[in-house]
Amino acid sequence: MADTYDLAILGSGPGGYVAAIRAAQLGMKVAIIERERLGGICLNWGCIPTKALLRTSEVYHYMTHASAYGLSAEKTGFDLAKIVDRSRKVAGQLNAGVKGLMKKNEVTVVEGVGTLTAKDKIQVKNGDQTTDVQAKNIILATGARARELPFAKADGDRIWTYRHAMTPSEMPTNLLVIGSGAIGCEFASFYSDMGAKVTIVEMLDRILPVEDEEVSAFVQKQFEKQGMKVLPKHGVEKIDIKPGRSVTATIKLPDGKTETQEYSHVIVAVGIVPNTENIGLEALGIKTDRGHVVTDGACRTNVPGIYAIGDITGAPWLAHKASHEGIIAVEHMSGGHPHEMDKLKIPGCTYSRPQVASVGLTEAKAKEAGYEVKVGKFPFIGNGKAIALGEAEGFVKTVFDAKTGELLGAHMAGPEVTELIEGYTVAKQLETTEADLMETIFPHPTLSEAMHESVLAAYGRVIHI
């Protein structure tokens, strides 16, 4: 006989486990089904452990540039195994934290591989055991995995996905990164700061292609200044692993010609594939589009009682988007009336050096949408705190509707901008205008003053440049 719940959630990533907690708060009896580790990819193999690695490379960068701060650090070096161990311990700590949260909120954790067998039932297999979980409502939160290239299958030795790149057994000497989205740029930044020679290949005309064009150009310039080789409008056509444990890549140039280059390792970072296979979608007639589950503003699929959240529902593939969708789905099924997801209010962050953060429309997208815009830009070189930190390169850019003063978008590159962007995200949520932002008092000395100055710059009132 099946165990019966108000809600069953397939997948325990940042969408699934947050939905479980909120449902429990609303008095539901909840089960969450997970085939690997609580917390999903983000906590165990993505967002969190990569930031632990990037913190290490940041500290190492400061150590090797200690003289710029009047300090001396002799015989700097690192232990790769200890670096990886620290990252894994951070992930392990948070995995244990999610386990504690499930227990605290009386959420039943069912271990195994789940498959929909009816609109109110999930069959869970764990080895030789099979369990049926029955629920009034179901949330699909199975996440995604790294997309592979047919000619560059990951082997964990020479060719890596993000999982291999997080647990390297050796440090690359000459690294090729295929793809320049957030994941590619973060790993490029980490390995470059740790001493590897790094080349980034991007098929599109600029790196970080979803960001504002000025941000992309700035980051490329900074990467090249750091010693990286950045190749937009290039493609990798073939990868050969040589007996001498090197990799030869055939790279297509913008003019259509090809050349070969040798590398020690390759990281493939060309996007993700939703985990929608073999979970029972077809049998129930759940609608998909190019592999992603189709949902409405309340995260409902076309089958009553079944919701879907996170990476399986399409871009942007971000943990905080999944968490918010989990809240929307749960509050809707409990009889509430949550606001629908507005993707223009979802911030995006890249934790490379320099950091990148944005929310809303780029200048180009705003103009394409028909807006007459006012654009403000302020460089960190005009910010006292940034200069004191020794991190004065970068800028803040704001885009406003010239007719209404609505903040359409904000784009930042430089020190700690992944922490600063939430100020503009709150502003968009509260529908503030340029007048509200200009009249807001920003503390001194802080990096956030650059945000204020960018707004002032859009309206000809900038102070410090």
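How many aromatic pairs does the count come to? The count comes to six aromatic pairs, in what is a predicted model.

**Tyrosine 60 and phenylalanine 78**
- These two residues form an edge-to-face aromatic pair, with 5.5 Å from centre to centre and 90 degrees between the planes.
- Tyrosine 60 belongs to helix α3 (residues 47-64), while phenylalanine 78 sits in the loop between α3 and α4 (80-104), so their pairing ties together parts that lie 18 residues apart in sequence.
- Tyrosine 60 counts as buried because its relative accessibility, 13%, falls under 20%.

**Phenylalanine 218 and phenylalanine 395**
- Here the ring centres are 5.7 Å apart and the planes meet at 80 degrees, so this pair is edge-to-face.
- Phenylalanine 218 is buried, having a relative accessible area of 15%.
- Phenylalanine 395 is buried too, with a value of 5% for its relative accessible area.

**A cluster of rings**
- Trp160, Phe190 and Tyr191 are joined into a cluster by ring pairs.

**Lysines over rings**
- Phenylalanine 395 turns up again here: the charged end of lysine 377 sits over its ring, 4.4 Å from the ring centre.
- Lysine 29 has its charged end over the ring of tyrosine 5, at 4.9 Å from the centre of that ring.
- Both distances, 4.4 Å for lysine 377 and 4.9 Å for lysine 29, fall within the 6 Å cut-off for a charge over a ring.

**Threonine 161**
- You will find threonine 161 in the loop between β8 (159-160) and α5 (162-166).
- With a relative accessibility of 11%, threonine 161 counts as buried.
- Once neighbours within four places in sequence are set aside, threonine 161 is in contact with Ala146, Ala154 and Val268.
- Valine 107 is 54 residues from threonine 161 along the chain, and 33 Å separates the C-alpha atoms of the two.

Key. Residues numbered from 1 in each chain as written. Predicted model: local features only at pLDDT ≥ 70, side-chain atom pairs only at ≥ 80, totals over all residues. Heavy atoms only, no water. Phe/Tyr/Trp six-rings, centres within 6.5 Å; stacked < 30°, edge-to-face > 60°. Helix = DSSP H or I, 4+ residues; strand = E, 2+ residues; numbered from the N terminus. Buried < 20%, exposed > 50% of the residue type's maximum accessible area, 1.4 Å probe, protein only. Lys NZ or Arg CZ within 6 Å of the ring centre and 35° of its normal. Contact = heavy atoms within 4.5 Å.
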